[in-house]
Amino acid sequence: MSAPVLEVSELAHTYSDGTKAVQGVSFQVEPGEILATIGLSGAGKSTILRCINGIVRPSKAKIRFLGEQVRWDYGYLLRLRRRIGFIFQNFNILEKLSVLTNVLLGRLGYQPGWAMPLYRFSPRDREAATAALAKVGLLKEWHKRSGELSGGQQQRVGVARALAQEPRLLLADEPVSSLDPLTADQVLGHLVRICRNEQLATIINLHAVPLARKYADRILGVLDGRIVFEGTPAQLDLGVLRGIYGEEYDE
Amino acid sequence: MSSLLLESRPVLPPRPRSPLAPLWAGVKVLFTALVVAYIVLALWHTGFNPWKLVEGAQRTKGLLAELLHPEWSIAGQLLKLMNETVEIALLGTLIAVLISFPLAFLGAKNLMLRSGPGRVAYFIVRFIFIILRAFEPVLLALLFVIMVGLGPFAGVMALGIHSVGMLGKLFSETIEGIDQGPVEAVLASGGNRFQVMWYGILPQVAPQFLAFSIYRWDINIRMSIVLGIVGAGGIGYMLLQYMSLFQFGKLATAFLIILAAVTILDWASAWLRTRLGQT
């Protein structure tokens, strides 16, 4: 058993309006492990992910990334984030920019200051972006305007952007819930294959229980900001699901 | 659950009425009456009288006829001045774009209202925009003519300063309307504050910024003609001169050149802006 990439203990976050989004969760992820979190909308799944990369500063937490204690100062966060890829529900790509430029945005953490104004990237950055495009199967589309692509392709641009970071940890927030079921399964399946292949630790928030069952190594059930279930897909029976989604849940 | 089968024809329930409704109705009537009264007052104060148009046209028939005979001999000189007018507008707009571009980020609510110093900067910048808009270009032109003397440079400065107020406001509001998603994406991949502006925001606003700038140039060309009348360069000054010397043939030439130039540039700017909208 290898050392965990991420160790989260006693993570809690209360938003400024008083919403207790996360109320003390602890878990860890190992290299190559696909961890899925399931639960109702508003259960706190997104907040957990955003606390890990410091987009949201948690009220209270002890997080270790690659064995190192995470701090919340500006400079440290920039260095932390460039090793953590993030995939968004709404893709969050710039539709007016080309596919390649969007993927290169994953290299911003490595871009020297003088190169910034002219959208310049080093050969090393272009190499990483090209490799990421190849992994998601969009090499031929590199010059197209991202807005011209289909939804599934746009999310693959989002995946490539995260992979271009050459991350040690991948966070995906409902990565396929704005895609149709067939495309969703394809995109997620492809993402999971890449992660396993590269021994990449991955946390995926998922809406669809069947997808979590199919692709996750381990599942966390989140309810009202707390982890109420932790186990393998096989352990996820109807009783557990009713505990997470309420008594009306039916398969 | 209500039944999906309608047993009778559905009727809209009555609109909820506030107890203050009769008061509001009274206020509406009063307000309408005030507006109508002010319009009547304005007609009286301005001596509005369409009959004067007919009468005046008959009295000055001879002079007006001269307008139909433009003197083409001075067309070359006037075209040069028209070009100067366009150049004044171009430089004025350019100065305004360069100043208002960085300020616009400081004047955008969504970027600035999160921190204490940000708030202060936001209010200062927005206040500057309001003040600059209040300085009408003609007022500014008079000021700059006093400062730097008669001529086109005063016009450039007047348009530049006034346009900062207009463009800054439009640019800031464009930034306020962006999609926050790509901003978060840039942050999440380790981008710093400047990279957020340059990669997360700029691509979203660039086409609109360009369209606003071209439109502003278009407006500034018209304004620059008026500024000429107060001595701030370009073709405008000649209008005043020909008028006061009753040289209506030359005035006619100037009119036609202005009309043609403004029409062509108006059309060109609209064409450019629609092209920007499509990309």
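**Figure 1. Burial and overall form of chain A.** Of the 251 residues of chain A, 45% count as buried; a residue is buried if 20 or more other C-beta atoms, placed from the backbone, lie within 10 Å of its own, exposed if 12 or fewer do, and partly exposed in between. The structure is a predicted model, in which local features need pLDDT of at least 70, side-chain atom pairs count only at pLDDT 80 or more, and totals for chains, interfaces and linings use all residues. Residues are numbered from 1 along each chain as its sequence is written, while chains are lettered from A and ligands numbered from 1 in the order in which they are written. Chain A contains eight helices and 10 strands; these are DSSP runs numbered from the N terminus, helices being H or I with at least four residues and strands E with at least two. The radius of gyration of chain A is 18 Å, close to the 18 Å that the globule rule gives for 251 residues, so chain A is as compact as a globular protein of that length. This radius is taken over C-alpha atoms, and the globule rule is 2.2 Å times the number of residues to the power 0.38. Along the principal axes, the C-alpha atoms of chain A fill a box of roughly 55 × 40 × 40 Å.

**Figure 2. The open sheet of six strands in chain A.** The strand order is β6-β7-β8-β3-β9-β10, with mixed pairing; two strands pair if DSSP finds at least two bridges between them. Strands of a sheet pair through backbone hydrogen bonds, either parallel or antiparallel. At the edges stand β6 (84–87) and β10 (226–231) of chain A, each with a single partner strand, so one side of each is left without a neighbour in the sheet. From one strand to the next, the twist averages 20°.

Figure 3. Strand β3(A) and its partners. Strand β3 (residues 34–38) of chain A pairs in the parallel sense with β8 (residues 201–206) of chain A over five bridges, and Leu35(A) stands opposite Ile203(A) in β8(A). With β9 (residues 218–223) of chain A, β3(A) also pairs in the parallel sense, over four bridges; here Ile38(A) stands opposite Gly221(A). Five of the five residues of β3(A) are buried. The open sheet of four strands in chain A. The strands follow the order β2-β1-β4-β5, and their pairing is antiparallel. β2 (20–29) and β5 (68–69) of chain A stand at the edges, each with a single partner strand, so one side of each is left without a neighbour in the sheet. Strand β1 (residues 6–14) of chain A is joined to β4 (residues 60–65) of chain A by five bridges, and Glu7(A) stands opposite Arg64(A) in β4(A). Helix α1 (residues 45–52) of chain A packs on the sheet and touches β1, β2 and β4 of chain A; its direction makes about 120° with that of β1(A). Axes are lines fitted to C-alpha atoms, for helices over the stretch in contact, and angles run from 0 to 180 degrees between N-to-C directions.

**Figure 4. The contact between chains A and B.** The contact takes 21 residues from chain A and 17 residues from chain B; two residues are in contact if their C-beta atoms, placed from the backbone, lie within 7 Å. The model scores ipTM 0.92 and pTM 0.84.
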